[in-house]
Amino acid sequence: MKRRSLMFAAVTLPGAMPFAWAHHGWSSFDQDRPLYLEGKVVSSRWQNPHAELMIEVPADLRLPADLPKRALPAQSAPVDGPGLLAKAALPRRKDRQWELELAPLTRMEAWQVREIKPGALVSAIGFGTKEEKGDAVMRVEYLFVDGKAYGLRSSPA
């Protein structure tokens with residue numbers, strides 16, 4: 001029986017490795033410097049381990065004047081939403097396309113977020129990679145779409 005288990009692992013593990021490498025953990029993100037991004041969705045991947053959007057960021061991106069005062073939804077995890085909005089900054093890097101890592105599909109469903117299609121306009125508060133090195137990726141804390149705000153750290157409270 002042990003040999004059969006080892007054989008199964010040897011056969012299936014290589015196929016699972018690309019998914020493990022593609023998934024980013026929290027440790028690679030700078031949670032001390034929240035970022036603000038907005039833009040037009042270029043592509044959407046609505047699948048696990050989490051939904052992803054690729055957005056085109058405008059060249060003249062600015063922080064919205066109303067950002068610190070935006071209403072945020074209550075969630076089951078303790079997140080200092082107003083603090084994140086107040087500290088949010090624009091990225092230092094000038095990439096025009098950013099990947100937004102959203103939540104797993106079960107959490108997106110709990111928030112009743114429908115699949116976001118290319119062409120939609122979205123904005124987000126989240127965290128880029130430490131020192132903004134590597135790919136232009138943001139792990140999203142708050143997603144703003146169609147006039148609604150969603151807290152993606154946990155389920156709705």
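Me: Ala, Val, Leu, Ile, Met, Phe, Trp, Tyr, Cys and Pro count as nonpolar, Asp, Glu, Lys and Arg as charged, and the others, Gly among them, as polar. With those classes in hand, how many nonpolar, polar and charged residues are in the lining of the second largest pocket?

Reply: Good place to start, and keep in mind that this is a predicted model. The second largest pocket has a volume of about 200 Å³. Its lining has 13 residues, and Pro58, Ala59, Leu61, Arg93 and Lys94 lie nearest its centre. Sorted by class, the lining holds eight nonpolar, no polar and five charged residues.

Me: Let's step back to the whole chain. What pattern of helices and strands does the chain follow along the sequence?

Reply: Begin with the inventory: the chain has three helices and six strands. Reading those elements along the sequence gives the pattern α-β-β-α-β-α-β-β-β.

Me: Now for the aromatic pair. Is the pair of Trp111 and Tyr150 stacked or edge-to-face?

Reply: The structure holds one aromatic pair. A pair of aromatic rings is described by the distance of the centres and the angle of the planes. For Trp111 and Tyr150, the centres are 6.4 Å apart. Planes over 60 degrees apart count as edge-to-face, and these planes are at 80 degrees, so the pair is edge-to-face.

Me: What is the volume of the largest pocket?

Reply: Trp111 and Tyr150 turn up again here, in a lining that also has Gln112, Val113, Arg114, Glu115, Ile116, Ala120, Val145, Asp146 and Lys148. By class, this lining has six nonpolar, one polar and four charged residues. The space in the largest pocket comes to about 260 Å³.

Me: Which ring does Arg93 lie over?

Reply: Arg93 is one of the residues nearest the centre of the second largest pocket. For a charge to sit over a ring, CZ of Arg has to be within 6 Å of the ring centre. At 5.7 Å from the ring centre, Arg93 lies over the face of Trp98.

Me: How far is Arg70 from the ring centre of Phe144?

Reply: Here is another case of an arginine and a ring: Arg70 lies over the face of Phe144. The distance from the ring centre is 4.8 Å.

Me: Is Ala59 buried or exposed?

Reply: Ala59 is found in the loop between β2 and α2. Its C-alpha is 8.9 Å from that of Asp95, which is 36 residues away in sequence. Exposed means over 50% relative accessible area, and Ala59 has 70%, so Ala59 is exposed.

Me: Glu131 and Glu132 have positive phi values. Which of the two is buried?

Reply: Glu131 lies in the loop between β4 and β5, and Glu132 is in the loop between β4 and β5 too. Phi is near 55 degrees for Glu131 and near 55 degrees for Glu132. Glu131 has a relative accessible area of 60%, so Glu131 is exposed. The cut-off for buried is under 20%, and the one with 12% is Glu132.

Me: What is the C-alpha separation of Leu90 and Arg33?

Reply: Leu90 is placed in the loop between α2 and β3, and its relative accessibility of 26% makes it partly exposed. Along the chain, Leu90 and Arg33 are 57 residues apart. Their C-alpha atoms are separated by 9.7 Å.

Notes: Residues numbered from 1 in each chain as written. Predicted model: local features only at pLDDT ≥ 70, side-chain atom pairs only at ≥ 80, totals over all residues. Heavy atoms only, no water. 1 Å grid on protein atoms, 1.4 Å probe; cavity = no way out; pocket = protein on both sides within 12 Å on 5 of 7 lines; lining within 4 Å. Points joined across faces, edges and corners; volume = space filled by probe spheres on them. Phe/Tyr/Trp six-rings, centres within 6.5 Å; stacked < 30°, edge-to-face > 60°. Lys NZ or Arg CZ within 6 Å of the ring centre and 35° of its normal. Helix = DSSP H or I, 4+ residues; strand = E, 2+ residues; numbered from the N terminus. Buried < 20%, exposed > 50% of the residue type's maximum accessible area, 1.4 Å probe, protein only.
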